[in-house]
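Subject: Structure for you to look at

Hello,

I am passing on the structure below, followed by notes on what was found in it. Please read them with the model open.

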Amino acid sequence: MKPRLHCARLALFLCGCAAFLNLYATQSILQTFAAQFHISAKAAGWSITVTTLAVAITAPFVSRLTGRFEQRSVIAVAALLLAVPALMTAYADSFAEVLVWRFVEGMLIPVVFATSVAYIGDRWSGGTVTEVTSLYVAGTVLGGFAGRFVTGVMTEYVGWREAFELLAALSLMVGGFIQFLLPPNRARTVPVKASSSGVFRLPLLAAYAVGFCVLFSQVAAFTYAGLHLGLPPFNLGPAALGTLYMVFLLALIVIPIAGRLSKARPHTELLTVAAVLGVSGSALTLTSSLWCIVVGLALSSTGVFLAQAAANAYISATADGNKARAVGLYLTCYYLGGSCGAIVPALIWERWGWAGCVTLIIGFQLLTLLIALTGWKPPRPELIPTS
């Protein structure tokens with residue numbers, strides 16, 4: 001039983017990798033797209049926007065699929081299918097085609113994401129949900145970094161089309177491992193409620209709001225920190241700015257450890273740690289030292305991923321019979337927050353610069369904690385097998 005349990009956890013880590021491997025893959029090659037398709041770098045940014053928009057649109061409807069089919073099959077098939085739009089992107093003849101296939105990619109991603117979190121909530125209970133969800137979120141960290149890293153390196157030394165061919169191959173490999181390692185869920189010992197009204201209960205609405213604030217602060221921080229570091233006295237070029245994403249790897253170590261330590265603790269305690277890391281990290285970026293800024297971004301991003309782990313675990317433990325629908329609504333709010341995080345701080349940047357943006361980011365990080373402390377209630381105990 002123990003090896004099977006470890007296989008399930010490894011498989012869920014890979015589910016996180018699969019979900020985020022392609023999501024931000026174009027972020028490091030926007031200038032390449034601009035040159036290839038004779039468009040502006042700003043227009044090339046739509047290769048990310050259409051994907052996140054597709055995630056936000058599709059996510060609330062994922063539960064209709066997961067309710068009819070076995071969860072493992074849904075996750076594995078969706079992970080394998082992610083290879084198709086990645087491969088078609090490699091053969092795109094125009095930027096419009098790139099956008100079409102990036103949109104299709106975004107429609108598949110929430111199927112993996114929402115069903116994986118629902119799988120965790122159905123298979124485990126109590127503090128184990130937090131621990132296993134932390135492993136899943138750690139997988140999203142590695143996937144998000146790997147997607148950016150693979151496309152950046154492959155584009156520079158081989159070509160951007162070959163980069164997407166490699167992403168397609170990696171998607172197939174990860175999907176195959178998920179199918180092999182992830183065991184089917186046992187039959188539930190509690191009845192499933194068909195009504196979706198439960199997903200709009202106040203504690204879950206608070207969790208959705210937390211998701212909005214979390215990605216708002218993450219996108220705002222890394223978008224405008226890049227602008228800040230590209231100006232004097234830092235004057236960092238595109239290659240140097242691209243290496244900033246390596247700060248995500250700190251979260252890869254911290255999140256599983258924090259998830260295990262907080263296994264028997266309330267979800268709000270993990271979120272409190274996330275808020276402390278986020279606020280202190282954001283404050284560090286106000287210094288004139290480049291290394292302090294990098295450390296600050298590392299702490300801030302780690303806080304974001306811890307908050308995401310806490311929110312996902314809380315939803316899995318709190319939502320009753322419609323976990324996938326609840327996670328889908330969370331994803332919609334999460335990515336809407338990211339969209340606002342890229343746009344709203346622009347108004348502040350023009351007048352108050354990076355200091356004004358940091359003030360806004362810290363405000364949202366504190367708001368995240370306030371929402372959780374006032375809106376999150378302890379989840380009701382469930383009679384679900386823990387093996």
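Cysteine 213 is buried, at a relative accessible area of 3%; buried means under 20%, exposed over 50% and partly exposed in between, with a 1.4 Å probe and protein chains only. The model is predicted, so local features need pLDDT of at least 70 and side-chain atom pairs count only at pLDDT 80 or more, while totals for chains, interfaces and linings use all residues. Residues are numbered from 1 along each chain as its sequence is written, and side-chain values use heavy atoms, leaving out hydrogens and water.

Cysteine 213 sits in helix α11 (helices are DSSP runs of H or I, at least four residues, numbered from the N terminus). Leaving aside residues up to four places away in sequence, Cysteine 213 touches Phe364, Leu367, Thr368 and Ile371, where contact means heavy atoms within 4.5 Å. Cysteine 213 and isoleucine 371 are 158 residues apart along the chain, and their C-alpha atoms are separated by 9.7 Å.

The largest nonpolar core has 120 residues, of which Phe33, Ile178, Tyr335 and Trp376 touch the most other members. Such a core is a set of buried Ala, Val, Leu, Ile, Met, Phe, Trp, Tyr and Cys residues joined through side-chain atoms within 4.5 Å. Helix α11 (residues 202–229) supplies the largest share of this core, 15 residues. The core lies between domain 1 (1–184) and domain 2 (198–378) because both give residues to it; the domain bounds come from an automatic or database domain assignment. Among the residues that tyrosine 335 touches are Phe20, Tyr24 and Leu215.

Regards

Methods:
Helices (H or I, at least four residues) and strands (E, at least two) are DSSP runs, numbered from the N terminus.
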